[in-house]
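Subject: Structure handover

Hello,

Here is the structure I promised to pass on. Please have a look, then read my notes below.

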Amino acid sequence: MKELSLNILDVAENSVKAGAALTEILITEDGSLLTLIIRDNGCGMNEEQVEAVTNPFFTTRTTRSVGLGVPLLKMAAEQTGGEFEIKSKTAEADPEAHGTEVKATFHTDHIDFTPLGNVVSSLLTLIQGHPDTDFYFCHTKNGKSAALDTREIRAVLEGVPLNTYDVIKWMEEYLKEQYLEINK
């Protein structure tokens, strides 16, 4: 993928398909190290699935026989000298704390670093396509953060769908204002 934001979109879509009520997308930039964590409370995976998920010929989809999202994210991290880790617990194994966490670290000063891309658009695409799922997003850089929590927005809107045009536009402007601050 040409941008990490597309990897984020793909992995977060997996979270939604796994039945997650909440998906957290956390990005931390510290010097030349970028850490991406995508965590959900979906159905989780067993040990065999966790081992297989980085194989491009493993997928739970019935529409095609390959799944490239996780393997491409792993490759993007490792080609910069970074690391990739995935942890998961099934609902059967841990009814209270089940779900999956994908963590990738990247060295942004490496020639093979894939640009972060338009994270705001990826997040808004997720919210628009899954208005009944909650997302928590936080990007920390230079000691400042841009954050959005759909649970808070949902509580204020009192029944107005998150994928309403005006709500999506407000979220976009809200995040863009925060990004102006963290990029100073």
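H1 and H3 are oblique to each other, because their axes cross at roughly 140 degrees. Oblique is what remains once angles under 35 degrees are called roughly parallel, over 145 roughly antiparallel and 65 to 115 roughly perpendicular. The axes of H1 and H3, the latter covering residues 69-78, come within 9 Å. Axes here are lines fitted to C-alpha atoms, for helices over the stretch in contact, with angles running from 0 to 180 degrees between N-to-C directions. The H1 and H3 crossing is left-handed. That term applies if the near helix is turned anticlockwise from the far one by less than a right angle; clockwise makes it right-handed.

H1 brings Leu 4, Asn 7, Asp 10, Val 11 and Asn 14 to this contact. H3 brings Gly 69, Val 70, Leu 72, Leu 73 and Ala 76. Contact means heavy atoms within 4.5 Å. By type, the residues of the contact of H1 with H3 are six nonpolar, three polar and one charged. Nonpolar covers Ala, Val, Leu, Ile, Met, Phe, Trp, Tyr, Cys and Pro; charged covers Asp, Glu, Lys and Arg; the others, Gly among them, are polar.

A word on the source. This is a predicted model: local features need pLDDT of at least 70, side-chain atom pairs count only at pLDDT 80 or more, and totals for chains, interfaces and linings use all residues. Residues are numbered from 1 along each chain as its sequence is written, and side-chain values use heavy atoms, with hydrogens and water left out.

H1 (residues 4-17) also packs against H4 (residues 119-129). Their angle is about 20 degrees and their axes lie 8 Å apart. H1 and H4 are therefore roughly parallel. The crossing is right-handed. Ser 5, Leu 6, Leu 9, Ala 12 and Glu 13 of H1 meet Val 119, Ser 122, Thr 125 and Leu 126 of H4. Five of the residues in this contact are nonpolar, three polar and one charged.

Now the whole chain. It has six helices and six strands. Both are DSSP runs numbered from the N terminus: helices are H or I with at least four residues, strands E with at least two. Along the sequence the pattern is α-β-β-α-α-β-β-α-β-β-α-α. The C-alpha atoms fill a box of roughly 40 × 40 × 30 Å along the principal axes. Of the 184 residues, 43% count as buried (under 20% relative accessible area, 1.4 Å probe, protein chains only).

Best wishes

Key
Buried means under 20% relative accessible area, exposed over 50%, partly exposed in between (1.4 Å probe, protein chains only).
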